[in-house]
Amino acid sequence: MPTRADLVSTLLATALAMSTGREARAQHQGHAGMAMDSTSAPPTANRVHVMAQAIPVVTHAQHTAGDRNLTEGYLAQVVAMGSGRLLQGHLLFDVTLNGEGLTLRRGELSTGAFGEGFVDRRHPHTYLHELIASGVGSAGPLGYSVSVGRGFVPFGTDDPMMRPFEKYPINHHLSQILERGLVIGALRLGPAILEGSTFGGDEPTSPGALPRRDRLGDSWSVRGTVLPFAGAEVQASYASVRSPEQPAGFGLDQRKQSVSGRLVSASGERYLLAEWARTDERDRDRDLAVFGYETALLEGAATVGPVDLGLRLEQTDRPEEERLADPFRTPRPATDLSIAGITRWRTATAAVAFPGATLGPLRGYPYIELERLAARRRSATDIFDPRQFYGSPIWMASVGVRIRYGVMHPRMGRYGVALPAGPSLHMLGVDPKQSSVHAGH
Amino acid sequence: MQRSFASLLLALVAFGAACGGDSPSAPGPDNQVNPCPATSSPSKAMTVLGCGDVKPKRITGEINVRGTTAYTTTWNNSSPTSALYVWDVAGNVPTLVDSVLVDGASTLGDVVVTADGKYLVVATEYAGGSIVIYSLTDPHKPQLVSRFTSPETTSGVHTAEVGVVNGRLYAFLCVDPGAAPAKLVIVDITNPAAPQQVYSRFIGTPFVHDTFLRDGILFLGLWNAGVAIWDVGGGGKGGTPSNPVDIATLQTANGHVHNIWWLKDPVTGSSRYAFIGEESPGSVGTSSSGDIHVVDVSNMSAPREVAFYTVPGAGTHNFSVDEQNGILYAAYYNGGVRAIDVRGDLGTCTDAQKSSPVNQTVQLCDLSRMGRELAVGLKDRSNNVYVWGVQYLNGFVYASDMLNGIWKLRAVSR
């Protein structure tokens, strides 16, 4: 039974999709393989870019939750994205609609994943994933922007959807803060970018959930970014998030830190990301840090002849919670502030993406991913023992096709002047011709 | 450039090979063997008489003991069927005599025997939340009488206390938040074959975790909304179970109000103090936090916190009081069992006996500094413990341990 929030969300999403679709037909779609640098002189022409994607994927998980072997298929990452510049580049907008609430209601099999009441499955994202309007201006060499709406908090690294692997890393909830109602102020001077935001700390509780009005502004973040040379980016960020998992605001708070370095070649054919992040959960009433989760991730991709190769290595701590009769779900909201332990995951993921094929306006980019995981209790006294729960060895293998209309957006998680120029990753199936056309931005 | 990227990828592969393997695991709870030997005998250690002859494969939850039979629930079952264990505790070593499977429940968070010993009431979580009522005609063989669920309990019944008000038997259900906020549901189980819901109310910030009924007065643990006191038939304000009347609400230090025990001391005649359990964050098996708060309820309309008890590195959960001897036994998770002298004036102490709860500035009597901690149980074991519940009965203390099952200890004497 859809809630009122579901209906509002769906209606809003539909209206936006229709309006962007109309605009898009009047524009060319070639500007998307490359993020536009907001410090460049604003283009005089308004322009809009749209992209839609869906990934039919089959995943086999060996020794997943409850020590079972499962093979499942879905339509994952069902998204329609629009972005553009209006008012001679002074008004930017970003909108992403996500249909996973319809195609991934029970979540996507992904051993190790956690968040929003799902565990060992990636949760479906909200229908209205992102809707941000940014006002952009400059004063001499200083660029500035103010962004308002629902979307990514300026914290951590890009959303995994814009990175080389279909399966998200385990650290998604440690390294990104998304789908929040927010206001962001950003400054850019030469190679330096500074962002600050205030937002509502509450995580979505369902695909149709909208940010709670009474939580808006109870959390904040700051992110500093330096672009030392073309294609290189280093960021450090900090966020104070109030009660993300108890919508009413009485849960544990989070203090989050992130440092990362990113390198992308001009063609998008070489990519490297290294990140470290830590989330400390605090009991606000007792003013004490109670749990801490750390992650380190290294991932890269390279185009080798006709194929793209990717490799990701990750170590991430995950909180364990009481599970429901469905071992892939935990109570939401939780019924107290305790956990059942902390599991340290280590994963190695390899991916191969193959050349795309065209069918009318659509392109399909097949890929294969193979992931090896190992999990152990961080403390020998924790009651949750992953070795008993999962068995061993833990593997996942996936085969899928990225089916896309339009060109992949290069970045996800930055707005206004905080969005550096750069290409989409070749591994995600960017048409090299389209990408190279805009290499000069 | 291509060569440097190839080198990097090679390095990544090498790192992956290094970090992807398994290493030998420590033995899990299921692999440990009872009995459970002592490692030392500190002077304040409670005497452990025995632990269960079987260590349950499932994680143990709450305990309730009647006569020589104990009932323990199970928590976080990895299936939609939970188990209730029945133990013969006549001897020093509790002996498993039966188990009862409860469908449609991943956790049984609470169990209680009615005062007349005739029925056993079990709370079930999550989806399809309910109470299940068993006949104890044969205490070792509980027989299903009925199961009560309603649209107002479907998110899960966290606890269920039972008690008699004006001759009728009621169950007080603390319902988990779900699509709707947490609520208290009161069910008339005078006819246990046909329970009737008589009241419900959204309450708790954000939870209502437990209740305590005595003499027609109901105490409610409302987490950050503190502790509430209702007249449900004995408060002189006209309240009934179907129409409770608020008497008072009190915020205790640091909130997280979980459970309550209102003490009526049969020796001194005092009914001045209620003991409030604070359940702050913990990691099951490893850590816990939360204090016991002592509230003076001599003026029921204006309760006030006068003292507290804290254990560094551990937090409290459920209580049981040996009222004849004025000794409160508290389950303290990784802190074992704590026996505290609660007879006499708890709200008067010297300055040296005062301190402040963590993150508070108010000075309260500190029961530890007042020398009121009489004994500690289960901290002298070679097994780690994580004690959920405790019950005093007839000179013994029974403890449910999430890691090891059930323990029997000798009660503390004055």
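This is a predicted model: local features need pLDDT of at least 70, side-chain atom pairs count only at pLDDT 80 or more; totals for chains, interfaces and linings use all residues.
β10(B) and β11(B) run antiparallel and are joined by eight bridges. One residue pair can be picked out here: B:Thr159 has B:Cys174 in β11(B) as its bridge partner.

## The sheet β14-β15-β16-β17

Another open sheet of four strands in chain B has the order β14-β15-β16-β17, with antiparallel pairing. β14 (210-214) and β17 (245-250) of chain B each have a single partner strand, so one side of each is left without a neighbour in the sheet.

## Chain B as a whole

How many helices and strands does chain B have? Its secondary structure consists of one helix and 32 strands. Chain B has a radius of gyration of 23 Å, while the globule rule gives 22 Å for 414 residues; the two values are close, so chain B is as compact as a globular protein of that length. Along the principal axes, the C-alpha atoms of chain B fill a box of roughly 85 × 55 × 50 Å.

Of the 414 residues in chain B, 55% are buried. Among contacts in chain B with a separation of 6 or more, 52% are between residues 24 or more positions apart.

In soluble globular proteins, nonpolar side chains tend to be buried together. The largest nonpolar core in this model has 146 residues, and the members that touch the most others are B:Ile131, B:Leu173, B:Phe275, B:Val337 and B:Val387. Strand β11 (residues 168-175) of chain B supplies the largest share of this core, with seven residues.

What does B:Phe275 contact, leaving aside its neighbours within four places in sequence? Its partners are B:Ile260, B:Trp261, B:Leu263, B:Ile292, B:Val294, B:Phe319 and B:Leu328.

## Where chain B meets chain A

On chain B, 50 residues are in contact with 49 residues of chain A. Both α1 (2-19) and β20 (280-283) of chain B supply at least two residues each to the side of chain B that touches chain A. The element that gives the most to this side is α1(B), with eight residues. By type, the residues on this side of chain B are 21 nonpolar, 25 polar and four charged.

## A loop glycine in chain A

A:Gly305 lies in the loop between β15 (288-304) and β16 (307-320) of chain A. Is A:Gly305 buried or exposed? It has 7 C-beta neighbours inside 10 Å and therefore counts as exposed. A:Pro355 is 50 residues away from A:Gly305 along the chain, and the C-alpha atoms of the two are separated by 9.9 Å.

Conventions. Residues are numbered from 1 along each chain as its sequence is written. Chains are lettered from A and ligands numbered from 1 in the order in which they are written. The radius of gyration is taken over C-alpha atoms; the globule rule is 2.2 Å times the number of residues to the power 0.38. A residue is buried if 20 or more other C-beta atoms lie within 10 Å of its own, exposed if 12 or fewer, and partly exposed in between; C-beta atoms are placed from the backbone. Two residues are in contact if their C-beta atoms, placed from the backbone, lie within 7 Å. Ala, Val, Leu, Ile, Met, Phe, Trp, Tyr, Cys and Pro count as nonpolar, Asp, Glu, Lys and Arg as charged, and the others, Gly among them, as polar. A nonpolar core is a set of buried Ala, Val, Leu, Ile, Met, Phe, Trp, Tyr and Cys residues joined through C-beta atoms within 7 Å. Two strands pair if DSSP finds at least two bridges between them.
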